Amino acid sequence: ERCRLPRSVRSQQADHLTGILNRRAFMERMEAELHRTSRHDQPLSLIITDIDHFKRINDQFGHVVGDRVLQQFVESVASIIRPCDFLGRYGGEEFAIGLPGVNEQQAGEIAERIRREVAALDPAASDLPPEARLTASFGAACLCREAGEQLQSLITRADDALYRAKREGRNRVSLAQEPCPEGGDCVTVK
């Protein structure tokens, strides 16, 4: 419930199925946080996550079950992130988590906690058979202000880390391997 938006803004900014930020609203919030954390010299991290083999769930069990899986996934994420963090539906089964004040290592630790929580979910809660365990893959990156990194570059680095996690076997967390542009470092928590 923490990640759900007030009813007054739901129609314009919320994903209708999950009640969390839609992609446009998430991007607007990331831009606002980029400016806010910059003024306060705080890190800003991004996690992009994707439910593994989600198409197979929809194909095998139907879209009603797939919708329940998405809702259950969002509830799991919401149970772990802080009230100041924000969650958005980035695409079909892809989600993004904005983490103000969190460096890349901490973002990886948060992603790992979420990954474990999702892997431990009871499939029966989404009307899935016991053998249909849910897993998710995660990519995390921290904004590199020293090199003047912009939001789109941060998204690209988190997305690249997500796809590396998928290539390496899924159900894992991957941190952005490439250093910040021009060799800068992520702002660290003081």
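Guide: Two residues are in contact when heavy atoms of theirs lie within 4.5 Å. By that rule, among contacts in the protein chain between residues at least 6 apart in sequence, 66% join residues at least 24 apart. The model is predicted, with a mean pLDDT of 88 for the chain and 87% of residues at 70 or more. Confidence is lowest in helix H1 (residues 7–13), where the mean is 63, and highest in strand S3 (residues 94–100), at 98. Where pLDDT is low, the coordinates should not be read in detail.

The chain has 6 helices and 5 strands, in the order α-α-β-α-α-β-β-α-β-α-β along the sequence. Its accessible surface is about 9,200 Å², and carbon and sulfur atoms account for 47% of that.

The largest pocket holds about 190 Å³ of space. Its lining consists of Asp52, His53, Arg56, Ile57, Gln60, Phe61, Glu131, Ala132, Arg133, Leu134 and Thr135. Sorted by class, the lining residues are 4 nonpolar, 3 polar and 4 charged.

Phe61, one of the lining residues, belongs to helix H3 (residues 54–61). With neighbours within four places in sequence left aside, Phe61 touches Arg56, Leu128, Pro129 and Ala132. Of these partners, Arg56 and Ala132 also line the pocket. Phe61 and Pro129 are 68 residues apart in sequence, while their C-alpha atoms are 9.5 Å apart in space.

His53, also in the lining, lies in the loop between strand S1 (44–51) and H3. With a relative accessible area of 36%, His53 is therefore partly exposed as well. The backbone is worth checking here: most residues other than glycine have a negative phi. His53 is not a glycine, yet its phi is positive, at about 55 degrees.

A positive phi also occurs at Arg170, likewise not a glycine, with a value of about 65 degrees. Arg170 is in the loop between helix H6 (151–167) and strand S5 (173–175). Its relative accessibility is 28%, so Arg170 counts as partly exposed.

Methods
Residues numbered from 1 in each chain as written. Predicted model: local features only at pLDDT ≥ 70, side-chain atom pairs only at ≥ 80, totals over all residues. Heavy atoms only, no water. 1 Å grid on protein atoms, 1.4 Å probe; cavity = no way out; pocket = protein on both sides within 12 Å on 5 of 7 lines; lining within 4 Å. Points joined across faces, edges and corners; volume = space filled by probe spheres on them. Nonpolar A, V, L, I, M, F, W, Y, C, P; charged D, E, K, R; others polar. Helix = DSSP H or I, 4+ residues; strand = E, 2+ residues; numbered from the N terminus. Areas by Shrake-Rupley, 256 points an atom, 1.4 Å probe, with all protein chains shown as cover. pLDDT = per-residue confidence, 0-100. Buried < 20%, exposed > 50% of the residue type's maximum accessible area, 1.4 Å probe, protein only.
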